[in-house]
Protein chains: 2
Amino acid sequence: MRAAIYRGPREIAIEDVPRPAIEAPTDAIVRVTHTAVCGSDLWFYRGDSDREDGSPVGHEPMGIVEAVGDDVRSVEPGDRVFAPFLISCGYCEFCRKGLHTSCVNGDSWGGDNGGGQGEYVRARHADGTLVRVPERHADDEDTLRSLLPLTDVMGTGHHAAVSAGVDTGSTCVVVGDGAVGLCGVLAARRLGAERIVAVGHHENRLDLAAEFGATETINARGEEAIERAKETTYGGPNHVLECVGAASAMNAAIEICRDGGTVGYVGVPHGVTSEGLDVFGLFGGNVALDGGVAPVRAYAEELMADVLAGTLDPSPIFTKTVDLDGVPEGYRAMDEREAIKVLVRPHGSE
Amino acid sequence: MRAAIYRGPREIAIEDVPRPAIEAPTDAIVRVTHTAVCGSDLWFYRGDSDREDGSPVGHEPMGIVEAVGDDVRSVEPGDRVFAPFLISCGYCEFCRKGLHTSCVNGDSWGGDNGGGQGEYVRARHADGTLVRVPERHADDEDTLRSLLPLTDVMGTGHHAAVSAGVDTGSTCVVVGDGAVGLCGVLAARRLGAERIVAVGHHENRLDLAAEFGATETINARGEEAIERAKETTYGGPNHVLECVGAASAMNAAIEICRDGGTVGYVGVPHGVTSEGLDVFGLFGGNVALDGGVAPVRAYAEELMADVLAGTLDPSPIFTKTVDLDGVPEGYRAMDEREAIKVLVRPHGSE
């Protein structure tokens, strides 16, 4: 099969690789019809994080089940499914309490499982990992585009909102106007927030934030962004969604948060070791830091229900669509911020 | 009046200084009968933090009200009172929600207010700051020794337990066997924890932890302490009380905590800038970091009720008592870990 392969910073190659096969009775093989390029893929793309030369990339697969092992119960060949960015068993202590990212039997995409940006993947622990799309929605292209973000960014934005304690009537600030921040706005609105202040520095993304439910947008950086966010929330909100992960964004979130409030953070931390996290800001104001890597599998069913009901639609974050050969161009477009998020159709539009 | 004054690292002098007077109608003057030396006093004592030469020290005053301003309603001359380590107004947004440490009208002991380790202090915002001891208990020396830790360490240990989410039946680990850690054990027991594992490295303090309700003690450092704490809690508890503040202790607490659990931290952070906080440990395991500087004023009444009922007694943490002239010796004894916490009677035992 053909798949996107990492070949060094800024080098994504489309290569022929072995097609994954059923190895354990709990495996399923999925023919990937839709997937995406993630903001977190840009770190190895830019050389900011290490990745093995020759490793398959991508971690947001959606597709059609091609084959299942003997013990798979929840899906069968022909089913439309999607999967979170991590594989989880579904039955360990952590999966049972909704923290699938800590699954004791968990695994990642890539390696022998295949990366999401390829023609096929092996979904280990298929019953715990795959989410089945009800048949009557399984071939509706618009619906599939709206469901695809549930593999990662929509669940991640939701985790930020949940972790920040957003509830009916809340006032919150969302730091970051990338795909996760935009989904954080959707999530906060869905949870009933009354005021949602989106902070970023891209006019077009902030326009989308407003469409998604932000009641106010702030296009500014650094101290100016912090001051304006605090001023408009009378000193800072009790709930801040940190949707970037950079030390500067985390420290801005801490500074914006009202004393006694909570920062829900979901961006993979980077730069916090060299630049330092503002622990004194947390300590002095009793600001709680909650969140972490988002257990998006835990949120899939409730978010899918809303997508299928037509009350949740994150698909506008996909501003560019490519086929497999277009994946390198997709990375470039995201790296240069021409695209918010790129949708990939490994087998073309068929 | 006479008071303990900071004169440089390891130099505490007893000097004659002006006696504080009523300046605002909300002030009260308190004749300090009991106070203490705090573990946090050791940082400037050791030269680890800056402090102005000539500044009065101490922040845990208990005594008799000597005079009150015209607007003071809750106490009158002759009342036995104690005060938290920070002054708070009692009526701002933060005081009203129990976060007195973020009081917008707040102030510190020291300066013109006098330090706790002196003969008199001025309690600004007396109605918000002072806690009145009911008259029938006001002169019982044993009761007063048991109430004195409510000015700081008992409320701080309680904040660690509350912030860590300790509840009936909880299993928790308390990191640190200093006065705050020991009070954390008392607080966890009081909140109904079923298993309390105290981690430290002083046999006599861990013995006291066991008397206070620790169901298990671990006398070890570093990786060994972490491994033993995790092993005995089947991989880590959901609730960890971090009662030290050093980066190594905070990172140990994060590592000990079960994925999805909460670290309640109350030790003033030190070393986190140079050594770094284990943000990836928090992120990967969705471990929440909650707590901060303890709003001990918020907890004073409920903890006092238990002390007066005889069900809470932190007084064994006082292993040495001195008069005002003995304050320098008290600092030395705590610095060299001869004493857990030193009680000071500025006017002698009278």
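Buried area is the accessible area, taken with a 1.4 Å probe, that two parts lose on being put together, summed over both. Good morning, colleagues; I shall begin with the interface between the two chains. In this predicted model, local features need pLDDT of at least 70 and side-chain atom pairs count only at pLDDT 80 or more, while totals for chains, interfaces and linings use all residues. Residues are numbered from 1 along each chain as its sequence is written, chains are lettered from A in the order in which they are written, and side-chain values use heavy atoms, with hydrogens and water left out.

Between chain B and chain A, about 2600 Å² is buried, and carbon and sulfur atoms give 60% of that area. Of the area that chain B buries against chain A, 26% comes from B:Val279, B:Phe283 and B:Asn286, more than any other three residues supply. Each chain brings 33 residues to the contact, where contact means heavy atoms within 4.5 Å.

I turn to charge pairs. A salt bridge is a side-chain nitrogen of Lys or Arg within 4 Å of a carboxyl oxygen of Asp or Glu. Two salt bridges are counted between chain B and chain A. A:Glu93 pairs with B:Arg258 in a salt bridge, with the closest N and O atoms 2.6 Å apart. Over all chains, the structure holds 46 salt bridges. Within chain B, B:Glu66 and B:Arg19 form a salt bridge at 3.1 Å, N to O. This pair links distant parts of the chain, 47 residues apart: B:Glu66 lies in strand S4 (residues 62–68), and B:Arg19 in the loop between strands S2 (12–16) and S3 (28–37). Helices (H or I, at least four residues) and strands (E, at least two) are DSSP runs, numbered from the N terminus.

Finally, helix packing. Axes are lines fitted to C-alpha atoms, for helices over the stretch in contact, and angles run from 0 to 180 degrees between N-to-C directions. In chain A, helix H8 (residues 222–232) and helix H9 (residues 247–256) pack at about 30 degrees, their axes 9 Å apart. H8(A) and H9(A) are therefore roughly parallel; angles under 35 degrees count as roughly parallel, over 145 as roughly antiparallel, 65 to 115 as roughly perpendicular and the rest as oblique. From H8(A), A:Glu223, A:Ile226, A:Ala229 and A:Lys230 meet A:Ala252, A:Glu255 and A:Ile256 of H9(A).

In chain B, the axes of helix H5 (residues 153–163) and helix H6 (residues 179–190) come within 7 Å and cross at roughly 60 degrees. H5(B) is therefore oblique to H6(B).
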